[in-house]
Amino acid sequence: MIRLLLADDQALVRGALASMLELESDITVVAQAGTGDEAVAEALRTRPDVALLDIQMPGKDGLEAAAEIRSRVPECRVLICTTFGRPGYLARAMAAGALGYVVKDAPPEELVEAVRRVGAGFKVVDPVLATESLAYGVNPLTPREREVLREVLAGRVVSEMAARLCLSEGTVRNHLSSAIGKTGTRSRSEAAMVADERGWL
């Protein structure tokens, strides 16, 4: 029997996934969570075999929760199940210690099989995402470049970015220029959108 922790911030989705997975004779949902922090707490409380985590959740996101669960409950294997089929997220999920990554629009039988395979210690990765991830390569952005691009997505101007990040305006412009070059784009807004689409932020 695979003891499963299920974490998703959308109650309807979480409930539907739990109901579907409970129909399987070899899977039992031992805990549910709506945030990354709750997922870590439930993993510590129930010591599940597999944690099925969404990426976008309040508090700790699914990637942060995955890393903490792998550190504090090492016997628990992590499977990411998300709407966001972005190559950069895949790379970050694997770096956080996840064994699997599937997208929510996959057929139900694929998700069930992914839970079983991850529970058995095998890696499971959506093949389309794996191909895209190889095509884009590793995330070329530095932590500071990611920070300034997130500020761009939030609609902030250079002076606001500098104040928020405790940097000079010149340093912010340098990071933006570097990020534009690395993403092969022509403007800071375009660079931020491309980086976000690829899951690099």
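**Burial, pairing and handedness in a predicted model**

Me: Why does Ala-67 count as partly exposed?

Reply: Ala-67 has a relative accessibility of 35%, and since buried means under 20% relative accessible area and exposed over 50%, with partly exposed in between (1.4 Å probe, protein chains only), Ala-67 counts as partly exposed. Ala-67 is found in helix H3, residues 62-72, where helices (H or I, at least four residues) and strands (E, at least two) are DSSP runs numbered from the N terminus. This is a predicted model, in which local features need pLDDT of at least 70 and side-chain atom pairs count only at pLDDT 80 or more, while totals for chains, interfaces and linings use all residues. Residues are numbered from 1 along each chain as its sequence is written, and side-chain values use heavy atoms, with hydrogens and water left out.

Me: What makes E4 largely enclosed by the rest of the structure?

Reply: Five of the six residues of E4 are buried, so the strand is largely enclosed by the rest of the structure.

Me: How do you know that E3 and E4 pair, and in which sense?

Reply: Two strands pair if DSSP finds at least two bridges between them; E3 and E4 have four bridges, in the parallel sense, and within this pairing Val-50 has Arg-77 of E4 as its bridge partner. Strand E5 (residues 100-103) is likewise joined to E4 by four bridges and runs parallel to it, with Cys-81 standing opposite Val-102 of E5.

Me: Why is the unit of E3, H3 and E4 called right-handed?

Reply: A crossover is right-handed if, with the strands pointing away from the viewer, the path from the first strand over the helix to the second runs clockwise, and E3, H3 and E4 make a β-α-β unit of this right-handed kind.

Me: What is in contact with Leu-53, leaving aside its neighbours within four places in sequence?

Reply: With contact meaning heavy atoms within 4.5 Å, the partners of Leu-53 beyond those neighbours include Ala-39, Ala-66, Ile-69, Val-78 and Ile-80.

Me: What puts the buried residues of H10 on the same side of the helix?

Reply: In helix H10 (residues 188-197), Ala-191, Ala-192, Val-194 and Ala-195 are buried. They cover an arc of only 165° around the axis, which puts them on the same side of H10, the arc being that of the directions from the helix axis to the C-beta atoms. These buried residues of H10 pack against helix H7 (143-153) and helix H9 (169-183).
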